Amino acid sequence: MAAPGNRQHVVHQDYIVRQRYSNALPPPPGAPKLLEIPTQGLSAYCHPSYAQRLARAAEINIEADAMLGMPIDLVGMPGIFDGDESSIQAPLVTPPVHPRDRALLRPLKTLGQPKSDLSGVSFLRRTQYVAEDQRRAEAANSRKGHGSAPKPRRKVVDPAKNDDVTVLREAVKGFDIANPEDAYKGPDNQTNIRGAVPTVAENDAWKIPKHPTSHQLKAKSSYSILPDLSGYTDEGGYMVVKLAGQPTDVTDGHDKRMDAALLHAVGFAPEALSEYLAKQAAHEANPDIIPAPSKPSANYEFFLPEDERTAANVKQKTDVHNPDKNDPELYTHNTKGGAENDSFRYIHIRDYETGLQNENTDKYQELAIVLDKSPKESDGSSKTGSSNSALYYPVVSKSQLKPRRGFGLSAQAPDDHETIDRIDLTIREPDGNEAAKRAEFKAATVEDATEEGHKAI
């Protein structure tokens, strides 16, 4: 290798040679002989009596007091005689581990193993040579007068930029750049605040966006990220469900009936529901100590359309952009006659139970995004106010369902539960009472989203 100063430096290494010699001896003339070695003594050491003799012979090297090291005197424990056992129980919320105690929590298999090399050098190179090269480089730098590399200076931050009002103005500036016609220009008050003045470069970056790494790419279209308030459920979000195993008998491709499947939740047992409500009340009374309980797992009945034609018609019926969604000819089943009895026939496939369930404490922790290209109306407007929108839907929980073999302890079916063999589904618009309830829920959802946004800012 070349050292500083263009001088050749020779590194001495040991040259190890392994020489193999051939063994030309003939095989032994006799067959191998098995020797009988007595092993009766091994059973004596494996018998429990041997360990008992060792326990009697070895004296206890600790001084055991009357309470064997665990005080059981309950006098002085607050509230112990009033039924409050919190003073003698472990806390529900595990306290953080002290940094000095983290080494004690290392797995047993990692004890005695050397720490990983963080120098970034290949493992094929010996570490003593690496250390020697580093010492030579440091010595060469010191001879040149450069010394060690200077430490990077900390960037001085203007305290005025971290002011709450300044941060809020910078956040409002982003909305003003995206919607200049809605920018607030009046004086600041309790409900409105003027955003910071955008620069020319910021306006150009919004009008002509550039890829952060590939500058030759050009944006063809953009999507406004908006909440679809008309699609919110009563729970305020949606569930992501994964079925374990093959749900249908179709194995050579995708079963199109799965696109219009139905999951019918079976009611909880009164004991499981009352236990959940009690834990929820305790959490609301003391949220800092008692964690929020998880919802009891439910059982589901799985239904599929009776054929692929029914599944295709259900998708057309539920498509909000389909101009023929109200066509009564889309219904595929009618047994009693009359337009009011038109329906889609669903058949029962199997029952499922909840295997794994993960609930999001914050309903905006995970979002499902749907790219919506709404057709414009005659006046130029659209459903979302923009021709292209990215609608997001909160994901409140994720569950994995597995075929049910029997009702579990936490999700037992009520005594009067009866298996449903088929469902006749009819789709209609909500009536007045249902529309009013959805409007109230939508207003509450908007208020919650606004509060969450203020907290985030």
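**Figure 1. Pro78 and the residues it touches.** Once neighbours within four places in sequence are set aside, Pro78 is in contact with Asp84 and Ser87. This is a predicted model, so keep that in mind for every view here. Pro78 sits in the loop between α2 (48-57) and α3 (127-144). Buried or exposed: what is Pro78? Its relative accessible area is 56%, so Pro78 is exposed, since anything over 50% counts that way. Ile88 makes a handy landmark: it comes 10 residues from Pro78 in sequence, and the two C-alpha atoms are 9.4 Å apart in space.

**Figure 2. The whole protein, for orientation.** Before zooming in again, here's the overall picture. The protein has 457 residues, and 18% of them count as buried. It contains 8 helices and 10 strands. Take the contacts between residues at least 6 apart in sequence: 72% of those join residues at least 24 apart.

**Figure 3. Tyr238 and Tyr393, an aromatic pair.** How many aromatic pairs turn up when the whole structure is searched? The search finds 3, and one of them is shown here, made by Tyr238 and Tyr393. Their ring centres are 5.6 Å apart and the ring planes meet at 90 degrees, so this pair is edge-to-face; the cut-off for that label is over 60 degrees. Which parts of the chain does the pair link? Tyr238 belongs to strand β4 (residues 238-243) and Tyr393 to strand β9 (residues 388-403), so you are looking at distant parts of the chain, 155 residues apart. Tyr238 has 32% relative accessibility and therefore counts as partly exposed. Tyr393, at 14%, counts as buried, because the limit for buried is under 20%.

**Figure 4. Tyr331 and Phe344, a tilted pair.** Here the ring centres of Tyr331 and Phe344 are 4.8 Å apart, with the planes at 35 degrees. That angle is why the pair is called tilted: stacked would need planes under 30 degrees apart, and edge-to-face over 60. Where do the two residues sit? Tyr331 is in the loop between α7 (308-317) and β7 (344-359), while Phe344 is in strand β7 itself. Tyr331 and Phe344 are both buried.

Notes
Residues numbered from 1 in each chain as written. Predicted model: local features only at pLDDT ≥ 70, side-chain atom pairs only at ≥ 80, totals over all residues. Heavy atoms only, no water. Phe/Tyr/Trp six-rings, centres within 6.5 Å; stacked < 30°, edge-to-face > 60°. Helix = DSSP H or I, 4+ residues; strand = E, 2+ residues; numbered from the N terminus. Buried < 20%, exposed > 50% of the residue type's maximum accessible area, 1.4 Å probe, protein only. Contact = heavy atoms within 4.5 Å.
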